Amino acid sequence: MWRCALPPLLRYPTVDELGARAAALVARHPTDARLRRAGTSRAGNPLWLLSVGHGSRQALVVAGPHANEPVGGGTVLRLAERALADPRLTVGADATWNLLLCLDPDGLRRNEGWLRGPYSLGRYFRNFFRPGFGEQPEWLPDGADAAALPETRTLLALQDELRPFLQCSLHGVDVGGGFVELTRDLPGLARRVADTAALLRIPREVGPYDTLYWPCLGPAVYRIPPPRRGDLAAAITEAAVESTWYHPHRHGTVTAVVESPMWGVAAVEDAGAPADAAAVLRTVSHTLRRDARLLEDVLARIRPYVSAAPDAARLLAPVEDYLLVCPGLADAWDPDVPDGGRPMPPLSTGHLTALRIAGRRLALRTAGLLHQLVIRAGTDPAGALPELDRLIDLWCADYRDGCGARWIPVPRQIEYQSRVVLSAFELAVRDAPARSRSGEPGWGSEAAVPMHRE
């Protein structure tokens with residue numbers, strides 16, 4: 001019988017809270033749920049897998065692949081409660097839910113300066129952390145066999161052990177709207193996403209910049225093209241690089257990348273034709289170049305004295321990545337730059353809004369990381385801190401006043417993402433063959449250990 005659920009989450013859970021709440025669920029439902037340590041992060045944090053049900057069909061849900069996108073932690077806890085409450089999701093579907101609580105717990109800990117709230121754009125960006133591109137655990141730039149990060153190897157091992165019929169990777173959009181990326185079409189998902197978004201007042205992103213060249217399967221639902229090798233700028237824009245999204249494709253897995261926004265922008269949902277797309281693109285590209293030059297100047301001035309600050313290398317890596325890709329993106333979006341690659345597709349107002357948000361996002365993330373570097377250095381002989389504060393405040397105001405960015409309460413973010421995952425599950429399980437139970441070794445033989453006691 002379903003027992004009393006845990007108290008609802010009103011804010012994002014921390015790494016320790018994720019482990020404690022998962023352990024509490026297992027303690028209440030020892031026959032239907034278990035918690036095992038699937039691996040260990042670079043800093044020694046456990047990578048916990050919470051499994052619910054005993055079915056032969058395995059679903060794998062991965063929370064926290066990006067350190068600054070914490071909504072997935074709340075979502076996997078919500079999904080666990082729903083699977084325990086509704087036998088149609090386990091016994092009725094012959095399914096087991098495997099919920100990885102956080103793929104990058106080290107990075108999530110680095111975001112705790114804003115994670116507990118109060119939530120504001122300025123607080124978020126001044127405390128933002130996301131590792132450099134080479135340290136993001138879902139990316140396989142050299143293929144699966146050469147995967148170096150222990151977090152990546154843990155996820156690959158789980159995929160090969162479970163051979164899931166469905167993998168959901170839980171991501172968050174800091175400013176914009178919700179959307180889904182699929183390795184294979186799930187007919188009917190776009191309609192369900194639309195219904196869920198309308199019910200919960202979540203804007204759908206009809207033209208995310210990273211899906212600009214991808215096939216559209218329906219409003220706010222896109223198909224990830226097969227992976228191919230490309231340069232760094234292409235890897236984060238038009239190309240689908242080698243990734244853990246496609247790795248389990250050999251097992252018949254369909255992967256759904258589910259994006260849930262923190263600050264919603266209504267205009268990303270506008271599929272109408274803009275009055276003058278070229279003028280908007282010029283403004284976006286020129287603004288990105290100008291902002292990047294400002295930040296490059298700040299970095300040059302502070303580098304001599306921040307490089308020795310605690311943890312400087314981890315903060316400088318994403319700064320340098322962002323500043324590296326800015327010129328290429330600005331050129332790709334500028335209608336006055338001779339086309340050296342792929343031409344821009346037809347653009348809606350939603351596309352243009354997403355590009356404006358993306359350019360500003362790169363600048364704000366870089367400014368926030370530079371701000372942290374100066375703070376950690378404990379000295380500011382270049383006088384960079386007031387300048388960075390001014391830029392962060394100015395650019396956050398542009399999000400708020402220029403784009404109309406509005407905070408979406410955490411419970412609504414979690415509910416939206418949970419419902420989209422459940423929709424993908426219901427559509428994918430219909431065609432999923434029964435599997436062996438090899439994905440449940442030693443069911444119930446390991447004690448549930450709260451993460452914070454490790």
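This is a predicted model: local features need pLDDT of at least 70, side-chain atom pairs count only at pLDDT 80 or more; totals for chains, interfaces and linings use all residues.

Colleague: How are the axes of α1 and α2 oriented to each other?

Modeller: Helices here are DSSP runs (H or I, at least four residues; strands are E, at least two), numbered from the N terminus. Axes are lines fitted to C-alpha atoms, for helices over the stretch in contact, and angles run from 0 to 180 degrees between N-to-C directions. Helix α1 (residues 15-28) and α2 come within 11 Å and cross at roughly 5°. Angles under 35 degrees count as roughly parallel, over 145 as roughly antiparallel, 65 to 115 as roughly perpendicular and the rest as oblique, so α1 and α2 are roughly parallel.

Colleague: What is the orientation of α2 to α13?

Modeller: The axes of helix α2 (residues 71-85) and helix α13 (residues 410-429) come within 9 Å and cross at roughly 60°. The two helices are therefore oblique.

Colleague: Which residues of α9 and α12 make the contact?

Modeller: Helix α9 (residues 277-306) and helix α12 (residues 384-402) have axes that come within 11 Å and cross at roughly 150°, and they are therefore roughly antiparallel. Contact means heavy atoms within 4.5 Å. On α9 the residues are Asp-291, Leu-294, Leu-295, Val-298, Arg-301, Ile-302 and Tyr-305, and on α12 they are Ala-384, Glu-387, Leu-388, Leu-391 and Trp-395.

Colleague: How many residues of the contact of α9 with α12 are nonpolar?

Modeller: Ala, Val, Leu, Ile, Met, Phe, Trp, Tyr, Cys and Pro count as nonpolar, Asp, Glu, Lys and Arg as charged, and the others, Gly among them, as polar. The contact of α9 with α12 has 3 charged residues and no polar ones, and its nonpolar residues number 9.

Colleague: Which residue forms a salt bridge with Glu-151?

Modeller: A salt bridge is a side-chain nitrogen of Lys or Arg within 4 Å of a carboxyl oxygen of Asp or Glu, and the whole structure has 32 of them. Glu-151 lies in helix α6 (residues 150-162), and its partner, 109 residues apart, lies in the loop between β1 (33-40) and β2 (46-52). With the closest N and O atoms 3.1 Å apart, the partner is Arg-42.

Colleague: Where is Pro-118 found?

Modeller: A cis peptide bond, with omega about -5°, joins Gly-117 and Pro-118. Most peptide bonds are trans. Pro-118 is found in the loop between α4 (112-115) and α5 (121-126).

Colleague: What is the phi of Arg-163?

Modeller: Arg-163 is placed in the loop between α6 and β5 (166-176). Arg-163 is not a glycine, yet its phi is positive, at about 50°.

Colleague: Which residues does UniProt list for "domain: Peptidase M14"?

Modeller: UniProt positions are given in the numbering used here, feature names are shortened, and annotations may be inferred rather than shown by experiment. In the model, the chain over residues 24-112 is 30% helix and 30% strand, with the end C-alpha atoms 22 Å apart. For this domain the unreviewed UniProt entry lists residues 24-112.

Technical notes:
Residues are numbered from 1 along each chain as its sequence is written. Side-chain values use heavy atoms; hydrogens and water are left out.
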